[in-house]
Amino acid sequence: MAEVSLAKRKEKCENYHNISIALVSLVQVREPGQLLFSACLSCDGCLSEEETLMISQQSLEDLHRVLALNKKCDASKHKVLVASVCPQSLPFFAVKFGLDIGEAARKLCGFLKSLGVAHVFDTTVAAGFSILESQREFVSRYRRRSHDSNTLPMFTSSCPGWIRYAERVLGSLVTPHICTARSPQQVMGCLIKDYFCKQQKLNAEKLYHLVIAPCFDKKLEAVREEFYNSLLESRDVDCVLTSGQIYGLMEQRQVTVEELDSSPLDHICEVDLHRHEGRGSEGFLEHIFRHAAKELFGLDVHQITYKTLRNRDFQEVTLERDGEALLQFAAIYGFRNIQTLVHRMKKGRVPYQLVEVLSCPGGCLSGRGQAESEEGRIDKGLVQQMEEAYTSLPVQLPELNPAIHTLYQDWLQGHDSPHSNALLHTGYRTNNLLHPQPPHMQW
Ligand code: SF4
């Protein structure tokens, strides 16, 4: 898949995200000459020069630069390369390689290691932390709802496209409602640059952390100021490349799957490849729903039944007892549905306590860094095949993953510790001011 040029993306943006373009224009009027990329969803066609520069460093050229330095005699410039692969990217390689997801992961790992990457992980464990912290935060917000109007509804925080839009366009109407749990990508950043570096006795700036992700928006997330550690002089994630960019690199090098060595993924902790519940985006709604039902009402939820409202990307789930609705959650994907949600929120007509918000229609498997065809449209056939590949992975609940509990103790000094709150949570900006998580935060 060819790398998409800025001009082409802008053209697509006008074709497919005309509502977001209108919103970007509104922001531009406020600050002439300074394009605010975060006003737009799922597209980076409106970046300022400075922003374009930052994003351009998230490129194959930067990876090649680091690989080339590692071949020079001057060892002081060498870096240990670590790649983290999002579970939503693995189905893309499974379909492209014509292999089951486990073997595709091993072939991808073989390819990355042949380039000079020393360690290849998948980010499912990091997503587990993100889910567990989101569950705890929801319960805490629910219990505070009667004396704090900013607690509910809680919006999920895993999608950087949604976060950018909320911060730049919606502002304080929405930002206090966004869960402060870091996204799986940024938890993985901390796991690698903090925990793994300590394990390996490495300085963080000597490690180059590459993430392979389904969308371009993850690049924008990686360059956020909050995710730069000034003490370590290091970003949690140094470079994000999309699944399509990595596949394009394989094509450029004329590497065939048959030629590739099969190399097992590395593990931060001993866990087999698995997935979380849901349609391919880690299932934040499902996990929080089950946890809240048990924690708040003592109810075990065995089956989650979605009710489709406007379309497949606007669905709700209700927990009832004796005909009374105890919880009402919604999964709202895609910009048009998000617009409906915001419109209702402004009118005070959002009945939900939690909304899982994702900017891509269909969720993360449809990310434009892997599901977009040469013509700039989402390849529905490819997405369907990716969904089938994804669901073939076994499901594991993060709370039943002993490795995560060990890491809470060994790495974070326990749940709710200052270390865990600092590394697993973040804050959001309104009018360019960062509002960190409240200091009294106790989940
Ligand atoms: S929904 Fe789309 S933009 Fe958001 S994280 Fe997933 S792939 Fe990226």
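This is a predicted model: local features need pLDDT of at least 70, side-chain atom pairs count only at pLDDT 80 or more; totals for chains, interfaces and linings use all residues.
Local features were considered at pLDDT of at least 70 and side-chain atom pairs only at pLDDT 80 or more, whereas totals for chains, interfaces and linings use all residues. Residue numbers start from 1 along each chain as its sequence is written.

The protein contains 16 helices and 13 strands, where helices (H or I, at least four residues) and strands (E, at least two) are DSSP runs numbered from the N terminus. Of its 443 residues, 45% are buried. A residue is termed buried if 20 or more other C-beta atoms lie within 10 Å of its own, exposed if 12 or fewer do, and partly exposed in between, with C-beta atoms placed from the backbone. Contacts were defined by C-beta atoms, placed from the backbone, that lie within 7 Å. Among contacts between residues at least 6 apart in sequence, 70% join residues at least 24 apart.

Strand 4 (residues 207–213) is largely enclosed by the rest of the structure, since seven of its seven residues are buried. In a regular strand the side chains alternate between the two faces of the sheet. In strand 4, Leu207, His209, Val211 and Ala213 point one way, while Tyr208, Leu210 and Ile212 point the other way. Strand pairing requires at least two bridges found by DSSP between the two strands. Strand 1 (residues 80–85) runs parallel to strand 4 and is joined to it by six bridges, with Val85 opposite Ile212. Strand 7 (residues 239–242) also pairs with strand 4 in the parallel sense, over four bridges; there, Leu241 is the bridge partner of Ile212.

Helix 13 comprises twelve residues, 335–346. The expected span of a helix is 1.5 Å times one less than its number of residues; for helix 13 this gives 16 Å, in agreement with the 16 Å between its end C-alpha atoms. Phe335, Asn337 and Ile338 are the buried residues of helix 13. Viewed down the axis, these residues fall within an arc of 155°, so they line one face of the helix; the arc is that of the directions from the helix axis to the C-beta atoms. Gly348, which follows helix 13, has a positive phi near 70°.

Phe97 belongs to helix 5 (residues 90–97) and counts as buried, with 20 C-beta neighbours inside 10 Å. Beyond its neighbours within four places in sequence, Phe97 is in contact with Ala104, Lys107 and Val257. Phe97 and Glu258 are 161 residues apart in sequence, yet their C-alpha atoms are 9.2 Å apart.

Several loops show backbone features of note. A cis peptide bond with omega about 0° joins Leu152 and Pro153, the latter in the loop between helix 7 (124–143) and strand 3 (154–155). Asp322, in the loop between strand 9 (314–321) and strand 10 (324–333), has a positive phi of about 50° although it is not a glycine; Asp322 is exposed, with 5 other C-beta atoms within 10 Å. Gln413 likewise has a positive phi, near 55°, and lies between helix 15 (402–410) and helix 16 (418–424).

How values were computed. Two residues are in contact if their C-beta atoms, placed from the backbone, lie within 7 Å.
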